[in-house]
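Look at the model below before reading on.

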Amino acid sequence: MAAQAQALPFAKLVARMANLMVGLPDYDSYVEHRRLNHPDQPIMSREAFFRERQEARYSGKVGRCC
């Protein structure tokens, strides 16, 4: 049972790393960041977040939140 409990977080970590390697942003990290650093601002839906990240990646503009 303990090995199975450890395997899930490891599998999630591997999936997160693979997604970042091919340029797919991590929505869960975004939500955590917004809740911790910008609690007064709304959180985008998963679909809106993905669209916004794609536009930011391919628009040629450079910008950061924090």
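## Ile43 and its contacts

Ile43 is in contact with Tyr27, Tyr30, Val31, Arg34 and Arg35, leaving aside its neighbours within four places in sequence. Contact means heavy atoms within 4.5 Å. Ile43 sits in the loop between H2 and H3. Helices (H or I, at least four residues) and strands (E, at least two) are DSSP runs, numbered from the N terminus.

How exposed is Ile43? Ile43 is partly exposed, with a relative accessible area of 32%. On this scale, buried means under 20% relative accessible area, exposed means over 50%, and partly exposed lies in between (1.4 Å probe, protein chains only). Ile43 and His33 are ten residues apart in sequence, and their C-alpha atoms are 10.0 Å apart in space.

## How the model is read

This is a predicted model: local features need pLDDT of at least 70, side-chain atom pairs count only at pLDDT 80 or more, and totals for chains, interfaces and linings use all residues. Residues are numbered from 1 along each chain as its sequence is written, and side-chain values use heavy atoms, with hydrogens and water left out.

## The whole protein

The protein has three helices and zero strands. Along the sequence, the pattern is α-α-α. Of its 66 residues, 11% count as buried. The protein exposes about 5,800 Å², and carbon and sulfur atoms supply 60% of that area. Accessible areas come from the Shrake-Rupley method with a 1.4 Å probe; for residues, only the protein chains shown count as cover.

Now take the contacts between residues at least 6 apart in sequence. Of these, 32% join residues at least 24 apart.

## The aromatic cluster

A pair of aromatic rings is described by the distance of the centres and the angle of the planes. Rings of Phe, Tyr and Trp (its six-membered ring) pair if their centres lie within 6.5 Å; planes under 30 degrees apart count as stacked, over 60 as edge-to-face and the rest as tilted.

The structure holds three aromatic pairs. One of them, Tyr27 with Tyr30, is tilted: 5.8 Å centre to centre, with 40 degrees between the planes. These two residues are three apart in helix H2, so about one helical turn separates them. Tyr27 is buried at 15% relative accessible area, and Tyr30 is buried at 13%. The rings of Tyr30 and Phe49 have centres 4.6 Å apart and planes at 25 degrees, so this pair is stacked. Tyr30 lies in helix H2 and Phe49 in helix H3, so the pair ties together parts 19 residues apart in sequence. Ring pairs link Tyr27, Tyr30 and Phe49 into a cluster.

## Phe49

Phe49 counts as buried, at 6% relative accessibility. Beyond its neighbours within four places in sequence, Phe49 touches Pro25, Asp26, Tyr27, Tyr30 and Met44. Phe49 and Pro25 are 24 residues apart in sequence, yet 8.7 Å apart in space, C-alpha to C-alpha.

## The second largest pocket

A pocket is an open set of points on a 1 Å grid over the protein atoms alone, where a 1.4 Å probe fits, with protein on both sides within 12 Å along at least five of seven lines; lining residues have an atom within 4 Å of a point. The second largest pocket has a volume of about 230 Å³, which is the space filled by probe spheres set on the points, joined across faces, edges and corners.

Its lining includes Pro25, Asp26, Tyr27 and Phe49. Which helix gives the most to this lining? H1 does, with four residues. The lining residues divide into six nonpolar, one polar and five charged. Here Ala, Val, Leu, Ile, Met, Phe, Trp, Tyr, Cys and Pro count as nonpolar, Asp, Glu, Lys and Arg as charged, and the others, Gly among them, as polar.
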